[in-house]
Amino acid sequence: MLRQTLALTLAASLSWAPIAAGQPVTSDAEVLRGIRQVEDGDYDPAIVTLDAAARRLTGDPGRARDLSQAYLYLGIAYIGKGHEAAAKAKFREAVAQIKDLTLSPDKFPPKVIDLFEAAREEARAQAQSTAASAPAAVPAAAPASPPQKKGGGGKTILIIAGLAAAGGGVALAAGGKGGSGGTSATPTTPAATPTPAPTASSTLERTDAVPNGEFRGFVVTASKAGTLQAKVQWHNRDVKLDLGCQESNAPYTQCNGTYARINDTEATFSTPVQQKEYLVTVSNFSGLAGAETFTVLIQYP
């Protein structure tokens, strides 16, 4: 009963007017799909959709508006999940894309607007602090005069930049006794780098970092029915990373798997799968600031 009451209270606090027909806030289909999921209260699928869209749009200056909307609704989805610190982090990312981004009280509930404005102030304060602490420009030092060549023995090593860029630096030994000419060293051919053996299609191994209040997703496609097994390892004993799994396409059915904590920095997840595409997630809701580096190994049929 208490859980149902909390769910109803949260749903009421996050109710807003849906997107008006013919007035999309983004031109990106996946961002728009994630927004619809947020409005429907499907926060877990929305986080998956919007996180993937944000990663795809990052680095494209022409898609700043779409990226800003992805971060904005990703933050709202985190509010729906009760992760306000993660929500504010996404709101700061949204403001970083569109500096004058504002939320209308006609569309967004007060809780969303309050957290958004708090995140905006934090972003502004951080920008001012960064600007104030930036070091003053240091004048470029004049180049040192080359040493005078003296008679007698000794060698000067000259590196030919153009040849180094071509794939093999060539060292020239110049000088010698008296007025004798320089002797050119014979260039050596670099050893060929062995081609790594191809990784089996049924295994995926990745190293990444996940900040508090966020997750990282890895898509795998099972070619037949069987068992998917995942193992994650991290470093900080005070942090707990969780493993999860769901179908990567609608209706985003959650995997019926088993999570097991092996020790302070290692956990496993096992679940039966069908011939489908799945999203395996590594999440960090430890409450500790900073990002935790991890390595995940996924084996699937």
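**Leu-103.** I began with Leu-103 in this predicted model, and I noted that its relative accessibility is 11%, so that Leu-103 counts as buried, the cut-off being under 20%. I placed Leu-103 in the loop between α5 (84-97) and α6 (110-132). Which residues is Leu-103 in contact with, once its neighbours within four places in sequence are left aside? I found Leu-72, Phe-108, Val-112, Ile-113 and Phe-116. For one of these, Ile-113, I also looked up the spacing: Leu-103 and Ile-113 are ten residues apart in sequence, and their C-alpha atoms are 6.5 Å apart in space.

**α4 and α5.** Leu-72, which is in contact with Leu-103, is also among the α4 residues that meet α5, and I therefore turned to this helix pair next, recalling that two packed helices are described by the angle between their axes and the distance between the axes. The axes of α4 and α5 come within 8 Å and cross at roughly 165 degrees. Angles over 145 degrees count as roughly antiparallel, and α4 and α5 are therefore roughly antiparallel to each other. I recorded the crossing of α4 past α5 as left-handed. On the α4 side I listed Ala-64, Leu-67, Ser-68, Tyr-71, Leu-72, Leu-74, Gly-75, Ile-76, Tyr-78 and Ile-79, and these meet Ala-86, Ala-87, Lys-90, Phe-91, Glu-93, Ala-94 and Gln-97 in α5. When I sorted the residues of this contact by class, they divided into twelve nonpolar, three polar and two charged.

**α2 and α4.** I then looked at how helix α4 (residues 64-80) packs with helix α2 (residues 29-39), and I found an angle of about 20 degrees, with the axes 10 Å apart. Angles under 35 degrees count as roughly parallel, and α2 and α4 are therefore roughly parallel to each other. The crossing of α2 and α4 is left-handed. From α2, Val-31, Ile-35 and Val-38 meet Asp-66, Gln-69, Ala-70, Tyr-73, Ile-76 and Ala-77 in α4. By class, I noted seven nonpolar residues, one polar and one charged in the contact of α2 with α4.

**Ala-46.** Two residues of that contact, Val-38 and Ala-77, came up again when I looked up Ala-46, which has its place in helix α3 (residues 43-57). Is Ala-46 buried or exposed? At 0% relative accessibility, Ala-46 counts as buried. Not counting residues up to four places away in sequence, I found that Ala-46 touches Gly-34, Gln-37, Val-38 and Ala-77. Ala-46 and Gly-34 are twelve residues apart along the chain, and I noted a separation of 4.8 Å between their C-alpha atoms.

**The disulfide.** I looked for disulfides and found that the structure holds one, which joins Cys-245 to Cys-255 with an S to S distance of 2.1 Å. Cys-245 is in strand β7 (residues 241-247) and Cys-255 is in the loop between β7 and β8 (258-263), ten residues apart. Both ends were checked for burial: Cys-245 counts as buried at 5% relative accessibility, and Cys-255 counts as buried at 17%.

**Whole chain.** Last, I took down the totals for the protein, whose secondary structure comes to seven helices and eleven strands. Of its 301 residues, 33% are buried. Among contacts with a separation of 6 or more, I noted that 69% are between residues 24 or more positions apart.

Methods:
Residues are numbered from 1 along each chain as its sequence is written. This is a predicted model: local features need pLDDT of at least 70, side-chain atom pairs count only at pLDDT 80 or more; totals for chains, interfaces and linings use all residues. Side-chain values use heavy atoms; hydrogens and water are left out. Axes are lines fitted to C-alpha atoms, for helices over the stretch in contact, and angles run from 0 to 180 degrees between N-to-C directions. Helices (H or I, at least four residues) and strands (E, at least two) are DSSP runs, numbered from the N terminus. Angles under 35 degrees count as roughly parallel, over 145 as roughly antiparallel, 65 to 115 as roughly perpendicular and the rest as oblique. A crossing is left-handed if the near helix is turned anticlockwise from the far one by less than a right angle, and right-handed if clockwise. Contact means heavy atoms within 4.5 Å. Ala, Val, Leu, Ile, Met, Phe, Trp, Tyr, Cys and Pro count as nonpolar, Asp, Glu, Lys and Arg as charged, and the others, Gly among them, as polar. A disulfide is a pair of cysteine sulfur atoms within 2.5 Å. Buried means under 20% relative accessible area, exposed over 50%, partly exposed in between (1.4 Å probe, protein chains only).
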